[in-house]
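Student: I would like to go through this model and ask what stands behind each label. Where do we begin?

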Amino acid sequence: MPDTVGTDFRHRDAERRVLGTLEFVLDHKVEGMVHAKAVRSPLPHARVVAVHTEDALAMPGVIAVLTGQDLTANPDIDPCFGKPRADQPVLAIDKVRYAGDPVAIVVAETEHQAWEALPYVDVEYDELPYVVDAVQAARPGAPVVHDDRPDNNVATWRLRHGDCDSAMAKADRVYSDTYYSPPASHVPMEPMVCVAQWSEGQLEVWTSAQAPHAVRQGLEKVFGLPAGHARVHTLNVGGGYGAKGQVKIEPMVGFASLAVGRPVRMELSRDEVFQTIGKHATTVELTTGVMNDGTFVARRMHVNYNAGAYAVTSVVGAGQGLTRANGPYAIPNVAIDTVATYTNTVPCGPFRGAMTSQLAFAYESQIDDIARDLQMDPLALRRKNLLRETDVYPTGETLHDLHYDELLDDLAAAIDWTAPPAPAEPGRARGKGLGIIIKNTLTPSRSEAVVRLEADGTLRIFSSSVEMGQGANPTLAQIAADRLGVPVDRVALGFPDTAVTPFDTTTSSSRTTFSMGAAISSAAEDLQARLTALADELHGLGGMQLNHDDGQVTPAGRPEVRIAWTDLLEKAGLTELEGHGVFQTDYGITLMDPLDVKGPVSVHWHQGAAAAEVEVDLETGKVDVLRMHASCYAGRVVSPLRVEQQNQGCAVFGLGPTLFEELHYQDGTLSNPNLSDYMIPSIVDVPATITSTALESDDPQAELHGVGEMALPAVSPAVSNAIFAATGARITTLPLTPERVLQAIEEASTARGRTELGAQR
Amino acid sequence: MSVQRFVEPQTVADAWRDLAEDPWGAKVIAGGTAVVLMMRQRLLAPSSLVSIRGIPALRGIATADGVVRIGATTTLSEVASSPEVRRHAPSVARACALVGNPRVRNAATLGGNLAEADYASDPPAALAAVGARCTIVGPDGQRTVPVAELITGFYETVLAPAELVESIELPAPAGERREVYLKYRSRSSEDRACVGVAARIDLDRGRVADADVVVGAVASTLQRAPEALAELRGRRLDAEAAGSVARAYAAAIEPMHDGRGSASYRRKMIQVFVRRALLQITDEAGGEDA
């Protein structure tokens, strides 16, 4: 049996995906279902004085109009959700906190009837002062988003290592810069969509979500249900990128279904998707102390994540950012503070490369400025300061399995680093840039799996990992087949169903291949151990070592004896046999004092890199990305093709927020919540050349590393550094629009002019 | 209020009669790429929709007496790939080929594009620069309006409630003609223009007999600077003349601000792309995309 891991086992539904015939959650229908639409606040911050529902109730097909009052009238309902901070009401209770906050639900026989009735729900508001910018919101006297948080602080995290102040004072040179990344949107192709129905006090939902068990727990808490009384199915999810982590619209739909006593479906329109979850706008203040030879001696950072109106994942997210902000450099003296701040904007959550892209844009941009100032090669300056095996990270933990030297070698080779770019036409300039990043994975977390041998020989995997196009299912099937020693065709894998598939924390943070892979491997070993015991018992092979191969048991040294697993089942009178596996980490930042983070924060460290070559139109500032390279450390590669596709995906997905993606607020309201005004890269924007590398360990037992977002945070700085190399223009605000590039080119040329003038004197 | 009535007339006269029945509530729909989006965003709430897609007389491209006549419901893809249009007015074909993406171009129609009057769309500027005219029909009969005068503001035209665009005519060039349309996108490749420049010169023995430069996407209506164009007349179009017209355009136009660029950036880009457009037809390089 050849090893399955390391080969390209194709997505079983690849053809159906391409043909457009694959069914997603969006296609799921339930007999007798009715439809719900949310009435959303047009104002960023206001008291809800009254909600008049009569006119809407009189509209054709309308069954019910539900408000915050209906919610609070039900004593069984806990009206707010969110973990760890339950600050988000299912429907606005006393006030709305952002434009887009749901105020009422209209339930009607058809989706169109519900949509038609929306404007007839008359909401009286009393406007309150609002705040959009997180730095302003953190200042005293700013409008207060949540009364119990008068400083608008969602979370504060602190990391101290060495003595930053004194090291900074002794540094030969100190560089201090502020970087800003704007709010952005994930834009999954499938919107959030959910069908909910109640039966005998139990709630069943089908939802486009990345964390079915987290949704189950969230629903159980809102509706006061015992564990297991909410049941969550996810089916094929049409893209997530972090937008569908945690609980989203499910409580609204569950509430509507409870109220009308029928199955209810809600599908968000595109503008509602924009209004439901976004990427944190982030201000990063970064100061680095450097010796004249390029050695980094001190780093001070203050990071303010704009959480939006509700905490969602920002409490822990700001802590994750804390552990990633240092970058992949050995810096002996570090002081990092991260905060998340409430504002009257769309709530924010993880965005592929969660919390990290904003940080990497800062530290990987500044390092190129430092290199230029020291007249050093940017790659050489990185190499001088790289984190290496057994270095101590600012968290105090000793790091292992680091591969940054190889990643830099790989970038240099891929982009011909030492060769100057090919000459550009007059009026245009070319340059190359690179970036490297470090990222922890969600720790602590837990994945459970069951592998079941069935009478016909099928090996069925029960896992709550969500297939959302990334290829989790074929990858996990390969891991199972590899560990069981059977052809992958014998492995079956369905969709998460929390009544059937065991607990998993979430399908995010690039953790599935590693964590669920480990749980499935352990379940496979458990199954084999049970089969070994059966063979022993039924065939009297006591004392002999038994090997498993191709679904058969063979005693060592007696290859002529082959007992099929299915025969063992039959002989034992069993119709099936299960192996159980768990992978769990029980340490990490959520168990630490946020103001004194110390100790290991990640089960292993994700290492990613990117390089870009760009051509800049010096008259317009428009940037053409000629080629990109995306690279990561994968430990061992399960599927070379899917790793390459993930790296390519990082390059393309990353170019959006790098070059043009940005949410605009006007009078506190999102002004571009549609795909005409909010741009994502089209196929024509994809660089002509995207190359990919996945570094592997020499160790055949090396840990699998997730690769879904490794290269992504390196994309923005790689492109920005390439622009800097081409033009001398440094841009500290994303996206790198032609207008910003042109302005920076003009400023750089003015500055050069001044320097030259000074030199002449 | 939802759409109460959806009609599919088979003749142009039936179409304007259907419109006249509900002059304030009816909307014409053809490709649907604009109307449906606006309805979904509640920017439009028509009480009746008059679909003109099935009217045979409104579709197709024909040439008579040197004039190319494009029926209003001809799709942008059909215009872009028409040998007649490409020969007769290559900048118009090019502009139609640059709208949105293939899915949009296969559904959107040229008449609908003009009637929508999106300030940032490509075809209007190109059509205006080559002197295209629009035939409009309605209860008061037929009239002809130059495309340059059709759009009067953001999503506003000279069309009366019961009128519709019947066809677009491209007049025959008097002599040797060079033309180009440049679309400058500041964001993704599927974006509307930040600046769109259509330039056309008619030459008489190497000298400019007539010229037009029309800038779209920078204001609510198409923008021209006729006095700058007048200076071209009788001259050879060279780099210096191109630069001079470009400077005059940048000075004359009051550009707007939107997500694609600030007013001051647009002013700079007007200068860059008017100059580049004119240089392209100086060199006879043909209409390359920016």
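Tutor: Begin with α17(A), where 15 of the 20 residues are buried, so the helix is largely enclosed by the rest of the structure. Keep in mind that this is a predicted model.

Student: What makes α18(A) count as largely enclosed?

Tutor: A residue is buried if 20 or more other C-beta atoms lie within 10 Å of its own. In α18(A), 16 of the 16 residues are buried, so the rest of the structure largely encloses this helix.

Student: How do you know that the span of α18(A) agrees with its residue count?

Tutor: Its 16 residues, 712–727, should span 22 Å at 1.5 Å a residue, and the end C-alpha atoms are 24 Å apart, which agrees. After α18(A) comes G728(A), with a positive phi near 80°.

Student: What makes the peptide bond from L734(A) to P735(A) cis?

Tutor: Its omega is near -10°. P735(A) sits in the loop between α18 and α19 (738–760) of chain A. Another cis peptide bond joins T443(A) and P444(A), with omega about 5°. The loop holding P444(A) runs between β18 (428–440) and β19 (445–454) of chain A.

Student: Why is Q246(A) called buried?

Tutor: The cut-off is 20 or more other C-beta atoms within 10 Å. Q246(A) has 23, so Q246(A) is buried. Its phi is positive, about 60°, although Q246(A) is not a glycine. Q246(A) lies in the loop between β13 (230–233) and α8 (250–260) of chain A.

Student: Is R42(B) buried or exposed, and how do you know?

Tutor: A residue with 12 or fewer such neighbours is exposed. R42(B) has 10 C-beta neighbours inside 10 Å, so R42(B) counts as exposed. R42(B) also has a positive phi, near 60°, and is a residue other than glycine. Its place is in the loop between α2 (35–40) and β3 (48–51) of chain B.

Student: Why are α11(A) and α12(A) called roughly perpendicular?

Tutor: Angles of 65 to 115 degrees count as roughly perpendicular. Helix α11 (residues 357–373) and helix α12 (residues 378–385) of chain A pack at about 110°, with their axes 9 Å apart. The two helices are therefore roughly perpendicular to each other.

Student: Which residues of α11(A) and α12(A) meet?

Tutor: From α11(A) come I367(A), D368(A), I370(A) and A371(A), and from α12(A) come P378(A), L381(A) and R382(A). By class, this contact has five nonpolar, no polar and two charged residues.

Student: Which residues touch the most other members of the largest nonpolar core?

Tutor: That core has 233 residues, and those with the most contacts to other members are V106(A), V107(A), A480(A), I520(A), A610(A), A711(A) and I723(A). Apart from it lies another core of 93 residues, including V50(B) and A95(B). Leaving out residues up to four places away in sequence, I723(A) touches several residues, among them G431(A), V614(A) and L736(A).

Student: How many residues of chain A and chain B are in contact with each other?

Tutor: 17 residues of chain A are in contact with 15 of chain B. The side of chain A that touches chain B has six nonpolar, five polar and six charged residues.

Methods. Residues numbered from 1 in each chain as written. Chains lettered and ligands numbered in written order. Predicted model: local features only at pLDDT ≥ 70, side-chain atom pairs only at ≥ 80, totals over all residues. Helix = DSSP H or I, 4+ residues; strand = E, 2+ residues; numbered from the N terminus. Expected span 1.5 Å × (residues − 1). Contact = placed C-beta atoms within 7 Å. Nonpolar A, V, L, I, M, F, W, Y, C, P; charged D, E, K, R; others polar. Axes fitted to C-alpha atoms, helices over the stretch in contact; angles between N-to-C directions. Parallel < 35°, antiparallel > 145°, perpendicular 65-115°, else oblique. Core = buried A, V, L, I, M, F, W, Y, C linked by C-beta atoms within 7 Å.
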